[in-house]
Each structure stands twice: as C-alpha cells, then as structure tokens.
Amino acid sequence: MRNGKSISFSDSRGRCVTYLGRVCFSVLFAVIAIMATAQGKSVSGTVTDEAGDGIIGVTVMVKGTKTGTATDIDGRYVLNTPPQ
C-alpha cells in the first residue's frame with residue numbers, strides 16, 4: 001500500500017476490459033473504413049436504338065472483367081463496378 005491507496009484485482013481487470021474494448025472498437029472502425037474505400041462505383045445509363053427507344057436485354061460489361069448486367073424493359077441498366 002502506497003500513499004494510502006491499494007489496487008485491487010477487480011480494478012485492474014476493469015481497466016483491462018476497458019482498454020481491450022477501446023482496441024476492439026478502433027480495429028473495427030479501421031476495417032469498416034477500409035471496406036468503404038475499397039468499394040466500387042455504380043454506373044447507370046440507357047441503351048437506345050437510332051429512334052431513341054430503349055433496347056431490352058442488352059448486356060453491359062466492365063471491360064476486362066466478368067462483371068456485367070442486362071438492360072431492363074426501358075433499356076436502363078445499373079452496373080456496380082469492382083474496386084480497383
């Protein structure tokens with residue numbers, strides 16, 4: 001006992017749990033931030049013919065990948081690009 005204060009086991013354990021909680025939160029936050037920056041972008045558009053009408057079922061692909069989608073009944077598509 002120094003200066004009239006004593007440290008109990010439960011006090012040390014509480015500090016350890018608090019510290020580990022902060023470390024776990026920091027690691028989780030870092031992982032989420034990395035995942036958020038690693039996501040690709042969304043590209044959308046419409047495929048039309050010479051008359052301006054939408055073309056159904058056209059395949060739209062990201063060049064050099066196997067990522068793609070098909071146009072809907074109005075010729076519209078939304079394509080999620082892979083992270084670079």
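I began with Arg-76, which forms a salt bridge with Asp-72, the closest N and O atoms lying 3.7 Å apart. For me a salt bridge is a side-chain nitrogen of Lys or Arg within 4 Å of a carboxyl oxygen of Asp or Glu. This is a predicted model, where local features need pLDDT of at least 70, side-chain atom pairs count only at pLDDT 80 or more, and totals for chains, interfaces and linings use all residues. Residues are numbered from 1 along each chain as its sequence is written, and side-chain values use heavy atoms, with hydrogens and water left out.

Next I looked up Asp-74, whose side chain meets that of Arg-76 in a salt bridge (3.2 Å, N to O). Salt bridges that share partners join Asp-72, Asp-74 and Arg-76 into one network. My search of the whole structure found two salt bridges.

How exposed is Arg-76? I found 44% relative accessibility, so Arg-76 counts as partly exposed (buried is under 20% relative accessible area, exposed over 50%, partly exposed in between; 1.4 Å probe, protein chains only). Asp-72, at 30%, is partly exposed, and Asp-74 is partly exposed at 40%.

Then I turned to the whole chain. I noted one helix and four strands, running α-β-β-β-β from the N terminus (DSSP runs numbered from the N terminus: helices are H or I, at least four residues; strands are E, at least two). Of the 84 residues, 7% count as buried.

Last, I visited helix α1 (residues 9–37), where Leu-20 is found. Leu-20 is partly exposed, at 44% relative accessibility.
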